[in-house]
Amino acid sequence: MSQTNSAWGGRFSEATDAFVAEFTASIGFDQRLYRQDIEGSIAHATMLAECGVLTDEEKNAIVQGLNEVKDDIEQGRQQWSVALEDVHMNVEAALTAKIGSVGKKLHTGRSRNDQIATDIRLYLRDNIDHLSAELTRLQLALIELAKGEADTIMPGFTHLQTAQPVTFGHHLLAWNEMLQRDYERLQDCRKRVNIMPLGAAALAGTTYPINRARTAELLGFDRPSTNSLDSVSDRDFGIEFTHAGALIMMHLSRMSEELVLWASAQFDFIDLPDRFCTGSSIMPQKKNPDVPELVRGKSGRVYGHLISLLTLMKSQPLAYNKDNQEDKEPLFDTIDTLAGSLRAFADMVPHIQAKKDSMRVAAAKGYSTATDLADYLVKKGLPFRDAHEVVGASVAFGIEQKKDLAELSLTELQNFSDLISEDVFDVLTLEGSVAARDHIGGTAPSQVRKACETALTLVKSRTA
């Protein structure tokens, strides 16, 4: 069975094969662009009327009809047709069915090529704003949690081995720094997304007396694009967004890994709220951190979408090619994955409970104040390399005696350096260690509280 497409069927001597029509159709996934498609069409019709290409009566009929089509879609009355290929032709057909032949004038001065490029930019702009709001919500939750845990001591790690004591609040603020950069990347990406391709038509522009600046103004774009060939053919703005999304997911995955570790019986640093965990069908004691595990796993699909989009574009000659139909599903799924992951984290983080005693016990293991002893000796006049050797020998003795450095007696410590005196125990305590890092970016509780206030001021300024 074959069928003819009214958008371009006049040139063809035979109808499109039914399988080919279904294979090449995009309505199954691009229908989600209907709001942006209608928004763009209303702006286009308004501009055409202002330029004298349409009469006011025609424009008013088109605008009213498009709003009715939008209402039909949102009320579930719209029947999407594969024969009409895509969201553009489905909307135009529904419009023409409502207002007659005037609906066919809507496409004057534009092509589906610049139309879809505009729709995607509008859709992506809307979703960048939504994702930015979710990032903000997550950051606020992290900062508030960090404020409450500014004095909570935990081990800091390198190579997943105990390194130096830090505070839980300081660690949470490290996560916030990652997300702050993610937010800034999204805002920077938005600047390049917010350029309007409409008016580029198929690839060379149009002979109609259009006013692209006016259409850009109506749609909230910063400006029209400046080259018609580039306007319809490139998707680097989508690739850039997916790259920013991959970085967000990488950061969320790192956070997820730590949450999974910390919630384990072996670490026992935190308790996750029950509603963000699941149990086992066979082991009744289990409380599985499914949300962070799933977010960790979902990072892979966004990475894959980035590679897919890069590969999609790498060999395309100018201008538009049918290949670009394949841009939407990776982009849509990236948006959906980011939105779900950020929402899950923003909902979960405020309810994380720190197990302070477990964290402190862990920080006391692994000779986490060894660097403090080395710094102490340097301040007493010993060259750092010599101090490093002294502390290494002290740690070896502590391991042999099954004692932490703070548990060694003054006499035992003095066996390794006569520069050590009673005041050494001020720096060997966990509290003394974190308090000594009292500078911008340090883990001292006073600095953590200042950093929280600075971060809160910055994040809250977005909505001021």
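Domain bounds come from an automatic or database domain assignment. On this basis, the chain is divided into domain 1 (18–108), domain 2 (113–207 + 225–361) and domain 3 (367–461). The C-alpha centres of domain 1 and domain 3 lie 69 Å apart. The model is predicted, so that local features need pLDDT of at least 70 and side-chain atom pairs count only at pLDDT 80 or more, while totals for chains, interfaces and linings use all residues. Residues are numbered from 1 along each chain as its sequence is written, and side-chain values use heavy atoms, with hydrogens and water left out.

Two packed helices are described by the angle between their axes and the distance between the axes. Helices (H or I, at least four residues) and strands (E, at least two) are DSSP runs, numbered from the N terminus. Axes are lines fitted to C-alpha atoms, for helices over the stretch in contact, and angles run from 0 to 180 degrees between N-to-C directions. Helix α6 (residues 112–148) packs with helix α10 (residues 236–262) at an angle of about 20°, and the two axes are 11 Å apart.

In the contact (heavy atoms within 4.5 Å), residues of α6 including Ile120, Arg121 and Leu124 meet residues of α10, among them Phe237, Gly238 and Phe241. By class, this contact of α6 with α10 has 11 nonpolar, one polar and one charged residues; Ala, Val, Leu, Ile, Met, Phe, Trp, Tyr, Cys and Pro count as nonpolar, Asp, Glu, Lys and Arg as charged, and the others, Gly among them, as polar.

Ser433 is found in helix α18 (residues 430–436). Its relative accessibility is 1%, and Ser433 therefore counts as buried (under 20% relative accessible area; exposed is over 50%, and partly exposed in between, with a 1.4 Å probe and protein chains only). Leaving aside residues up to four places away in sequence, Ser433 touches Pro165, Thr369, Asp372 and Val427.

Most residues other than glycine have a negative phi, and most peptide bonds are trans. In the loop between β3 (153–158) and β4 (161–167) lies His159, whose phi is positive, near 55°. His159 counts as exposed because its relative accessibility is 76%. Leu160 lies in the loop between β3 and β4 and has a positive phi of about 60°. Leu160 is exposed, with a relative accessible area of 52%. The peptide bond from Leu318 to Ala319 is cis, with omega near 5°, and Ala319 is placed in the loop between α11 (290–313) and α12 (328–348).
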